[in-house]
Amino acid sequence: MSTDSTSLARLSMSLPADLFRQLDLMVEERELPSRSQLIAELIRHALAEHAASIRPDEMLAGTVTIVYRADRGRVRHQLAETQADYLKEVISAQHVFLEEDQSLEVLLVQGPAIRLKELCDALRRVRGVQQLQLVTTTALLPPLYEQDTSSRKPAGANA
């Protein structure tokens, strides 16, 4: 995503030397062109998290990543039942088997922050879930389907 240089604002900041070295190391390890790119990413993540915490009705999109033990009885079934309770919020799900009887599932989600939090809380309660992380953004998916009623022809009408 390119950014128009006229829309940029400069920021000057002071950091403890150790934190500054860690930041530079992270930029180098990720092979980023600048500290600014990393700092902008970190700020965007913090802003989305903040919006979710103070504005529960804020619409967010994101992913829920779940790691769980596949050998724990009905875990997969219980996860599916929980997702069914959040049909409006869960857009899609991807599942893969991992080593040592573990599974990884990634959900694409969108909805009010409070509903996404409730979904994650419900998924965490499923026995066998080992890790769960929600990553959100305030940028939303475009409408998946919009019905245009003005161009619909009545049944039996010729094209």
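How many helices and strands are there in the protein? There are four helices and four strands, taken as DSSP runs numbered from the N terminus, helices being H or I of at least four residues and strands E of at least two. The model is predicted, so that local features need pLDDT of at least 70 and side-chain atom pairs count only at pLDDT 80 or more, while totals for chains, interfaces and linings use all residues. Residues are numbered from 1 along each chain as its sequence is written, and side-chain values use heavy atoms, with hydrogens and water left out.

**View 1. Glu105 in strand S3.** Strand S3 covers residues 102-112. Glu105 is buried yet has no salt bridge, where buried means under 20% relative accessible area (1.4 Å probe, protein chains only) and a salt bridge is a side-chain nitrogen of Lys or Arg within 4 Å of a carboxyl oxygen of Asp or Glu.

**View 2. Tyr68 in strand S1.** Strand S1 spans residues 59-69, and Tyr68 has a relative accessible area of 1%, which means that this residue is buried. The side chain of Tyr68 makes polar contacts with the side chains of Glu105 (3.4 Å) and His95 (3.2 Å); such a contact is a pair of N or O atoms within 3.5 Å, one able to donate a hydrogen and the other to accept it, and residues adjacent in sequence count only if both atoms are side-chain atoms.

**View 3. Tyr68 and Arg127.** These residues are 59 apart in sequence, with 8.8 Å from C-alpha to C-alpha.

Terms used: Buried < 20%, exposed > 50% of the residue type's maximum accessible area, 1.4 Å probe, protein only. Lys, Arg positive; Asp, Glu negative; His and termini not counted.
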